[in-house]
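Biologist: I'm new to this one. Can you walk me through a few spots?
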Number of protein chains: 2
Amino acid sequence: MDFMINQQMLNDQSQSGALFYRENEAFSGVNKIAKKVMHDIELVFGSAPESTTDKASLSKHAVIYGTIGNSPILDELNEKQLIDLSKITGKREVFLFQVVDQPFSGVDKALVIAGSEKRATIYGLFHLSEKLGVSPLVDWSDVKPARQKSFSLSGNYHYISKEPSVKYRGFFINDEWPAFGNWSAKKFGGFNAEMYDHVFELLLRLKGNYLWPAMWSARFNDDGPGLANVELADEYGVIMGASHHEPCLRYGEEYKYLRGPDSKYGDAWNFITNREGITKFWEDGLKRTGQFENVITIGMRGEADTKIMGEDATLADNINLLRDVLQTQNKLIKENVNPNLSDVPRMLALYKEVEPFFYGDEETEGLINSEELEDVILMLCDDNHGNLRTLPTEEMRDHSGGYGMYYHFDYHGGPISYEWINSSYLPKIWEQMTMAYDFGVRDLWIVNVGDIATQEFPLSFFLDLAYDFEKWGTSAINQTDAYTKEWVEQQFAGAFNSDQQDTIYDLLTGYTRIAHKRRPEQMNVDVYHPVNYQETDQLLEEIDHLLENAEELYQAVDQEHFTAYFAQVYYPVVGNLNVQKMWLLNGKNKYAAKLNLIKANQLAEQIKACLKRDQELVEEYHTIADGKFYGMGLSEHIGFVHWNEDENKNPVLSTVLPMNKPRLSVSIDGTEHQSEGSPWHLNTLPLLDFLEPDVNQASFTISSISEQDAEYQISSDQSWLSFSSTNGVLDGKDKVTETIQVSIDRQKLAGDSEGEFFIKTPVGQVTIVVPVGKIDPAAYPKMTFIEAKGYVAIEAEHFADRHQTTNPDGTINRFEVLDGYGKTLSGLKAFPTTTHFTVGQNAPYVEYQFVVQEAGAYELELYVQSSNPVTREGTMYCGVQTNDNEVKVINALPEGYRVDGSDWGADVINNIHKQQVKISCQERLNKLRIYAVSPAFVLEKLVIYPEGKKPADSYLGPKETYYVGR
Amino acid sequence: MDFMINQQMLNDQSQSGALFYRENEAFSGVNKIAKKVMHDIELVFGSAPESTTDKASLSKHAVIYGTIGNSPILDELNEKQLIDLSKITGKREVFLFQVVDQPFSGVDKALVIAGSEKRATIYGLFHLSEKLGVSPLVDWSDVKPARQKSFSLSGNYHYISKEPSVKYRGFFINDEWPAFGNWSAKKFGGFNAEMYDHVFELLLRLKGNYLWPAMWSARFNDDGPGLANVELADEYGVIMGASHHEPCLRYGEEYKYLRGPDSKYGDAWNFITNREGITKFWEDGLKRTGQFENVITIGMRGEADTKIMGEDATLADNINLLRDVLQTQNKLIKENVNPNLSDVPRMLALYKEVEPFFYGDEETEGLINSEELEDVILMLCDDNHGNLRTLPTEEMRDHSGGYGMYYHFDYHGGPISYEWINSSYLPKIWEQMTMAYDFGVRDLWIVNVGDIATQEFPLSFFLDLAYDFEKWGTSAINQTDAYTKEWVEQQFAGAFNSDQQDTIYDLLTGYTRIAHKRRPEQMNVDVYHPVNYQETDQLLEEIDHLLENAEELYQAVDQEHFTAYFAQVYYPVVGNLNVQKMWLLNGKNKYAAKLNLIKANQLAEQIKACLKRDQELVEEYHTIADGKFYGMGLSEHIGFVHWNEDENKNPVLSTVLPMNKPRLSVSIDGTEHQSEGSPWHLNTLPLLDFLEPDVNQASFTISSISEQDAEYQISSDQSWLSFSSTNGVLDGKDKVTETIQVSIDRQKLAGDSEGEFFIKTPVGQVTIVVPVGKIDPAAYPKMTFIEAKGYVAIEAEHFADRHQTTNPDGTINRFEVLDGYGKTLSGLKAFPTTTHFTVGQNAPYVEYQFVVQEAGAYELELYVQSSNPVTREGTMYCGVQTNDNEVKVINALPEGYRVDGSDWGADVINNIHKQQVKISCQERLNKLRIYAVSPAFVLEKLVIYPEGKKPADSYLGPKETYYVGR
């Protein structure tokens, strides 16, 4: 017989007894969580389950939960050998989830949820919710489960959870004004326990265990009110941490609040001039909350992220001071928390200026390996934009305290903040965080989620990855799609059918992939090229398609699931894409206006509509579900001119005044080639698309310059050319633009390798020269790229061959394609991720084939994902080899590259490194090999062009060249 | 008793007899002109005079006119010794204008107008009109004379005109489409004699004698119809010429019209391959009209201003070919026009590629001094933009044929054409053309007037200068104002009172002076700096003032004088200024939009209004006086992107979308210093105006960024600072900007040398730092400039001293101030204009005094009028000396400067040369001397700043610095 929960049981509880067995001995927090799970059950079945402390009042099928050491019933069942607690005893956060028969009289079937510790029981309880189809976002985001009539588990169901892969897993509520702050103030009256109850629940349901609370203006330990926040965290088993500059259980604003001329803590955040006051401040902090579960931040920074000592202090001065600080803090912790320091989780951030203090230099020994840091988690971090900074070297990895990683989905800082809405892309999180894990960063993962809202999707992934690295980690290459699909089903199984869920998958992948090219806050009018390679038009098309889909589901979703759809899908999707669209239109608008094209004015109206849409969308977000998310959309997100939002600007609209004569502009689509046909100026334009042997259609566009009727006529002597229209009139009012498709019939080409056609315009004639490529694909091997337009552009995954090597231990060194991980197609990364390869020995390579028309000096431009080097040298090497030439080992980064430098600033916004390498090509067929050398190197694209003849500007780079077999 | 014409006489003619004595022996053209003068008399007195061939039918007071050799009555009066024809006989274009008593019975008083030749008589007749107050523009532009009751000349009135200073004086109707062409076609049906009658009349009334007719699409010798144009010119004594590439009395389009495979002239404009055909073509041209008065163009150019031989021909090849051409042409002229070549006026243009053929090089002798050019006028030219190219060296000046000058008031060519409306400035014409005369260019002056319309004002000056160089030439420094006043009176004595005439003087001077900074066709959004030094705002203020005045007179003028006022004043003034204003507003608009200032949107509306005004103005011009000027405003004149109007563009309007929070921008007027008061970014701005000891008021502007009410509050601790407002609200809708005046009370300064004030804005606070200069003017000599804002800017005329030298012949070498001849104030030019001075010997200098705070290396930037060097070396030297350092002789032009080069292209549009010189300054007081060296050097402004610290960008350069005694 199965264990069962069904509507009937729940409706009959007054008759047949309660579903949940509650022990008074249980942790209060566990009982509180059980209540939440009972509420979940109500959402699923429509009726609320009851709980009882009286075994006799239980129904035939009952849920029993408890924590080892705090649960008489578990002991009883264990004694009866109905369950085997030894399987979980002493384990970290492990729960047993088992159906047992007749645990005691009156109950036929019991679902037993037993935790190795408090959090484990909580995870086990939420495991039941999950199995019932309840999303972890049920409370946080009103994600309603599918209604069910009945739920069953087979009679011998037995599951023991795994120990989580990463020990401390959590998020950081940061930069919480204006969004999270206004939300908290309006809904809860502050950053208090009522508010944190929701945050903790979210964290725990997502299987996190660790939190850095809001700290811009908040004092977690005071705001409860009083200690209520801390106490609630303790009830729930939430381990509290604090950011890298909040040592000794003191939160950011506390010192500012307590300091003063008469304060016992003194009036200077300075360990030299106010050693006594600061020490006392720390001591009282540790005394206050040291008894709770914490990871205690140690170390010290200056106020507001500045250096601790002045600019003229030597490295040794700084190191000595920091050592002194650490010794003091360790002593305080021993005295006030636990005399056995190694039992106290502590964390030191290796961040910004602390990094040199840690490593020291040739003259000065750093803090690395010093006894003050024994058992301390060394927290590394990303560059605030999702790219890890240095990672532990092999020697460093056996540090007793292990390593942590501070990652960002939201950032308030340079070069440009992104705080409004999610713009993180799962493949990037996967690629970077799996590398962190591979490099031994396994003790603490914390991610800055800003205001939380809209970050739930990547946050789920981040915490799932941290919890179950075996499932989602390094071995799960290209599984973020699968993850996304699971996630969509988890949220929307009750709301949408499978096709609609696929659409949501497309929407989430689509908007984050576009944000991965460029985040919305970092967009401006000049990012994408308005015409070259049609990169703007193609992106606009993609965006419009996604927006339509989002709109369809908006119309389709029922009232019950509207909030969840809006908050988790519609708002982040439309919010992101509408802003992207606005800037893309702005680029087109500016470009069109420069040519006095009347369509500039239509584009201006569309931009206005986007801005209005943006405002309405935020307004709607703030209004739905009785203002549940009020405030969460308040962050500025348009037109940043500084690192923060100050002085930000809306798009400038360019409008034109019609010229006073009939005039038309003819432009070759995808290029800046443009003419009005004046006999005195450029009036012959090239249409090069047909140089690629599989292209038989191309286009050009005719645009109005005045509001007067203007006629065009197209003619050609070539019978193999045809046109979607050969004449027409643009009136400059309703019809301001016409795109003409040009087709060629290669059968009719005969001897021609070039043709031309003529467009008569009101002021003259434009001649368009049409060279036609007549490459015989059979003449070259498959995957051979054939230069046609003056360059060869290759997507990294389109290699002709790849070479792997085998290590003595049997592992394989090889390049793998990371699907979708690139600004245009995908990425190539070498595995194992931790290996520094040697060319000619263990380095794997990929080999490309391409044909150029002329032998000579060429530039190879490598497009490399904007990762940082894993070592402190600031270099990221790969090997480049053309034909039988020697392998050149080159640095894919500019000389002197460093995080926070100007090259970094540009690359992190553009989300790409581009590096040029001079290569020599022979006439016709060439081979190009790229060898893996440094870790973190991810190749996205290669562009080859004759020296000094750079292809036309663009944001994404030239469109991929034709290759045999395309 | 006086000679008299009055209304009564004219009304009584049927009784008392006719006023004019007409001889049948007279030249028909002279009698035709007499009729025009009789019509003038009708305009003045209201009744038409009559003429008679019968002495007995004359009234008591009569007008007698005739030409020596064609006039029995003159012979008779001469015999009677009533007049003395010997005084004018054989003279060039000289007339006698004399009152005689009783020339024969029945006539008491006769006004005798006797010409030494046909043209002289015509000038004499028109002299009568002028004396009656009839403008030379009476026919051309409907300029109506003041009505008079009576006119008298004293009984012994006796005047003999001068020989004109320049032999051939005329204009060139050029680039005649769309304006002049449409006008001719619509009003006259083509470029025919009916049309040319008006052009000839205009030319002759202006005392010109020489014409290059329209030639873009016209054939003067065919269009009459037939020879009617030529015959009419001959009747009137108009000497016909043709442009530099129309030899042998053939006009531009003729060959195109006559050539062909079956043509006797062949089908190639090529003296090598089609020698016979071309020779025949020339021969027939000379045969056709050689008997009329001409200046025959000789030489040959390729078609459409190209080189005559291919690019690979050597210099010697070209010279030999051109010599061959000249020999052939001279031979043809001898055979078909006059065997005595020296009696045939001929002209060769030394222009573009012909210049090197003329001069040759070290290896190859040029055509200079060759016998083929004996007695040929060598025509030099300007750079098409009003700056003379090379001028004859002293050795060259005794060339037997003398020199001519081809000047431009209108140009179709690079860098940017100007063909729409007059934009030439009298002081520049004076400065350049007097230099031409001084250098011996005295035989032929021709000016390209495009479509004539609106060029009448500078054309009058050009022809008056050519006619009477003694009155208006080199000796008449700073007399263009007087000329303008005379001209205004000549046109408008009957229309406006003296105050109104002064206003017209202001309008004409004003608009041409502004065009002298930059022509309207050459304006664009980026010319003037939108904020620096307030150059845009100050120019806008000036323009608005002029536009108001033009409008007042438009309202005031009566119907009779409306046409003349509109065509001669209102249209050119408003046309010019409205376009200038539009671009200035566009610059402000673009700048404001970049800062998201709401006022950008108001500016956009103003720009739209300007464009509409422009269109309406042209429309009105085409409509008034029954379409008298129809077509004359058709030339494009806005937004040139090429040398010609093709693909020109209207201003792009930038508009902003209001930000969604109350925000204000604070900017220091005249600078780019701007802040919103954000605590994270620049929020302290300097207000430096009070560093100048005579400045006690300055301003800053607060502007709206959103449409929400935004409040500002101003406060200061300094009692010596006061504000026109200390708080207020901008609503972002009606009130989008507020300018606050800041005043200082220097009495209250006490010890302060700096203060500050604070502007509270919605996002924070802007601090404005106010340093105050406390220079004691008494500490320095008068005219000492005192650096305050990091630079010293000096208007050239503000020297402290000047030094002159005396030549052995008693002439003085000295700098003279040319009033108003500068982009900002005036110019300094050395006289005599032909002298190459030697520093330390005869070079005059001016000396400036200035104070800088620190000793060290400085840059001296010289602003020099955009003249070209007079020699072929491409250099223009001056001497620079600071304190007691050596004089550095420096080239005021960049290395390799040449007309048509890129430096030239920029300078001719900007109408300035700027040259930097490194100088060394001592602390406090410095002397700077500028020595004259090369001719053509005109100094406008000097800017001195520490090396590497260039003052803020601007078009006109930094505002002049304070000097002692300002």
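**A loop residue, then some helices**

Modeller: Start with B:Gln455, in the loop between strand 16 (444-450) and helix 14 (456-467) of chain B. Keep in mind that this is a predicted model.

Biologist: Is B:Gln455 buried or exposed?

Modeller: B:Gln455 is buried, and its relative accessible area is 2%.

Biologist: Which residues is B:Gln455 in contact with, leaving aside neighbours within four places in sequence?

Modeller: B:Phe409, B:Asp410, B:Ile421, B:Asn422 and B:Val449.

Biologist: Switching to chain A. How do the axes of helix 17 and helix 19 cross?

Modeller: Helix 17 (residues 498-517) and helix 19 (residues 559-594) of chain A have axes that come within 10 Å and cross at roughly 40°.

Biologist: Which residues make the contact?

Modeller: From helix 17 of chain A, A:Ile504, A:Leu507, A:Leu508, A:Tyr511, A:Ile514 and A:Ala515. Helix 19 of chain A brings several, including A:Tyr565, A:Val569, A:Pro572 and A:Asn576.

Biologist: And by class, how many are nonpolar, polar or charged?

Modeller: The contact of helix 17 with helix 19 of chain A has 11 nonpolar residues, three polar and no charged ones.

Biologist: New topic: helix 6 of chain A. Which residues there are buried?

Modeller: Helix 6 spans residues 179-188 of chain A, and its buried residues are A:Ala179, A:Phe180, A:Gly181, A:Trp183, A:Ser184 and A:Phe188.

Biologist: What do they pack against?

Modeller: Strand 9 (168-173) and helix 7 (193-205) of chain A.

Biologist: What comes just after helix 6 of chain A?

Modeller: A:Gly189, which takes a positive phi of about 80°.

Note on methods. Residues numbered from 1 in each chain as written. Chains lettered and ligands numbered in written order. Predicted model: local features only at pLDDT ≥ 70, side-chain atom pairs only at ≥ 80, totals over all residues. Heavy atoms only, no water. Axes fitted to C-alpha atoms, helices over the stretch in contact; angles between N-to-C directions. Helix = DSSP H or I, 4+ residues; strand = E, 2+ residues; numbered from the N terminus. Contact = heavy atoms within 4.5 Å. Nonpolar A, V, L, I, M, F, W, Y, C, P; charged D, E, K, R; others polar. Buried < 20%, exposed > 50% of the residue type's maximum accessible area, 1.4 Å probe, protein only.
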